[in-house]
Amino acid sequence: MPGEPQADCLFCKIVEGQIPATIVRESDTTVAFRDINPQAPTHVLVIPKVHYRDAAALAAAEPTIAADVLREAQTVADEEKLESYRIVFNTGAGAGQTVWHAHAHVLGGRGLEWPPG
Ligand code: 5GP
Ligand code: ZN
C-alpha cells in the first residue's frame, strides 16, 4: 500500500531505526540525515516517514507532507549556514534515482554548476 512501510526499503529502515544514520533533524513527518556518499561539504537527505516511490507520488497523495519535506530542507540549509544551495529530487532511474523512497537532497558548501551534468 502506498504510504505504508516497505520491508525491503532502505529509507523505511532508517525511519524505523533498523539501519543507523547520522540524523540531523527529525519532525513528526520527516527525518533528515547525512548522505553516506556526500557529493558536497553539506549533503543531507530529507525524507518523509511515509513511503512513496518518489517526490511526485508523495506530493499527489500527501501534499502537506511534501510541503514538510521542503520546509525541513530549507531549515537544514539554514542550520548549515548555506548561502547558496540546491534541493534536488532525482526522479526515475535515468535521472539517477537509486532509492525508491521519496527524498530531497540538500547540497551546498561548494560551487554548484548549472546546468548540472
Ligand atoms: P538517489 O540516487 O536515489 O537520488 O539518492 C539516494 C542517495 O542515498 C544517494 O546519494 C546515496 O549515497 C544515499 N544512500 C544510499 N544508501 C544509504 C545509506 O545506507 N545511508 C545513507 N545515509 N545514505 C544512503
Ligand atoms: Zn520506504
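This short report walks through the fold, the paired strands and the ligand site of the structure above.

## Before you start

This is a predicted model, in which local features need pLDDT of at least 70, side-chain atom pairs count only at pLDDT 80 or more, and totals for chains, interfaces and linings use all residues. Residues are numbered from 1 along each chain as its sequence is written, while chains are lettered from A and ligands numbered from 1 in the order in which they are written.

## The overall fold

The chain holds three helices and five strands, in the order α-β-β-β-α-α-β-β along the sequence. Here helices (H or I, at least four residues) and strands (E, at least two) are DSSP runs, numbered from the N terminus.

Of the 117 residues, 29% are buried, meaning that 20 or more other C-beta atoms, placed from the backbone, lie within 10 Å of a residue's own. The C-alpha trace spans about 40 × 30 × 25 Å along its principal axes.

## Strands side by side

Let's look at strand β2 (residues 30-34): four of its five residues are buried, so β2 is largely enclosed by the rest of the structure. Strands β1 (residues 23-26) and β2 run antiparallel, joined by three bridges, and a hairpin of three residues links them. Strands count as paired if DSSP finds at least two bridges between them.

On to β3 (residues 42-48): five bridges join this strand to β2, again antiparallel. Phe 33 stands opposite Leu 45 of β3.

## Around the ligand

Ligand 1 is surrounded by 14 residues, the closest being Ile 36, Asn 37, Asn 90, Thr 98 and Val 99; a residue belongs here if its C-beta atom, placed from the backbone, lies within 6 Å of the molecule.

How values were computed: A residue is buried if 20 or more other C-beta atoms lie within 10 Å of its own, exposed if 12 or fewer, and partly exposed in between; C-beta atoms are placed from the backbone.
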